[in-house]
Amino acid sequence: MTFDRLHISSKTAVTLFLASGFQAFGMYHVHATAGITEGGIFGALLLLNHWLALSPAFTSIVLNGACYLWGWKRLGHTFILKSLIASAGYSVVYAICELFPPLWPDIVHHPFTASIAGALFIGIGAGICVRLGGATSGDDALAMSIHDMTGIPVQNIYLTSDLTVLILSLSYISCTRIIWSLLTVILSGQIIGWFQKSDS
């Protein structure tokens, strides 16, 4: 069974949905609970909100929209459909998680554990989606587009964008919090890169 002429199997669609849902589960129960910030688009949204008072409700549409538009031009219609499925999985699972209290509320007192666990949830969830040709966020779309255009490994693209935003975030976030966030983005980027290369 496929989706129209785009040749996306039901198995691929379900995998994209569940993988992005796995990522959302980790974002809610680990990142949001432990207060670990992000690099990339999400970190940029927080940065713009802090310094320019620009609402993420607006900037997320602009930044993510631009990344998805570039992804559509570079990677085609199938990429967009896969990304829509992945984004739906993320939103649905996150909304369900919000109906319940965090599973591990004490993780806020264990930043190293939170950093490792967060990296696993993001790296595995986003890594599977990237391997299947979909993106759960503008970050993934940007990394996949730049990789397609230049051949630069996706983990290096993630690391560059995340480092840039995290360094700028030092202007309002403590160095300690940035260090734990940096550990998360480095590990998650490497995991995503491993998934992407394993399909090469």
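**Reading burial, cores and a pocket**

Tutor: Start with I61, which counts as exposed at 62% relative accessibility. Exposed means over 50% relative accessible area, buried under 20%, and partly exposed in between (1.4 Å probe, protein chains only).

Student: Where is I61 found?

Tutor: I61 is found in helix α3. Helices are DSSP runs (H or I, at least four residues), numbered from the N terminus. This is a predicted model, so local features need pLDDT of at least 70 and side-chain atom pairs pLDDT 80 or more, while totals for chains, interfaces and linings use all residues. Residues are numbered from 1 along each chain as its sequence is written, and side-chain values use heavy atoms, without hydrogens and water.

Student: How many residues apart in sequence are I61 and G138, and how far apart in space?

Tutor: They are 77 residues apart in sequence and 9.7 Å apart in space, C-alpha to C-alpha. For I85 and L163, 78 residues apart along the chain, the C-alpha separation is 28 Å.

Student: Is I85 buried or exposed?

Tutor: I85 counts as buried, because its relative accessibility is 13%. I85 lies in helix α4. Leaving out residues up to four places away in sequence, I85 touches A13, L16 and F17. Contact means heavy atoms within 4.5 Å.

Student: What does F121 touch?

Tutor: With residues up to four places away in sequence not counted, F121 touches F22, Q23, F25, G26, V30 and W104. F121 sits in helix α5 and counts as buried at 12% relative accessibility.

Student: Which residues touch the most other members of the largest nonpolar core?

Tutor: A nonpolar core is a set of buried Ala, Val, Leu, Ile, Met, Phe, Trp, Tyr and Cys residues joined through side-chain atoms within 4.5 Å. The largest one has 16 residues, and F79, A135, A141, Y158 and I192 touch the most other members. Helices α2, α3, α5, α6 and α7 each give two or more residues to this core. The largest share is four residues, from α6. Apart from this core lies another, of seven residues, with I107, A114, A117 and F121 among them.

Student: With what is I192 in contact?

Tutor: Neighbours within four places in sequence aside, I192 contacts I122, G123, A126, G127, V130, V154 and Y158.

Student: How much space lies in the largest pocket?

Tutor: A pocket is an open set of points on a 1 Å grid over the protein atoms alone, where a 1.4 Å probe fits, with protein on both sides within 12 Å along at least five of seven lines; lining residues have an atom within 4 Å of a point. Volume is the space filled by probe spheres set on the points, joined across faces, edges and corners. Here that is about 750 Å³. Of 34 lining residues, M27, E38, F42, Y90 and S137 are closest to the centre. Helix α8 gives the most to the lining, with five residues.

Student: How many disulfides are there?

Tutor: A disulfide is a pair of cysteine sulfur atoms within 2.5 Å. The count is zero. Take C97: the closest cysteine sulfur, in C129, is 15 Å from its own, too far for a bond. C97 counts as buried at 8% relative accessibility.

Student: Where is A53, and what is its phi?

Tutor: A53 is in the loop between α2 and α3. Its phi is near 55°, a positive value in a residue other than glycine. A53 counts as exposed, at 64% relative accessibility.
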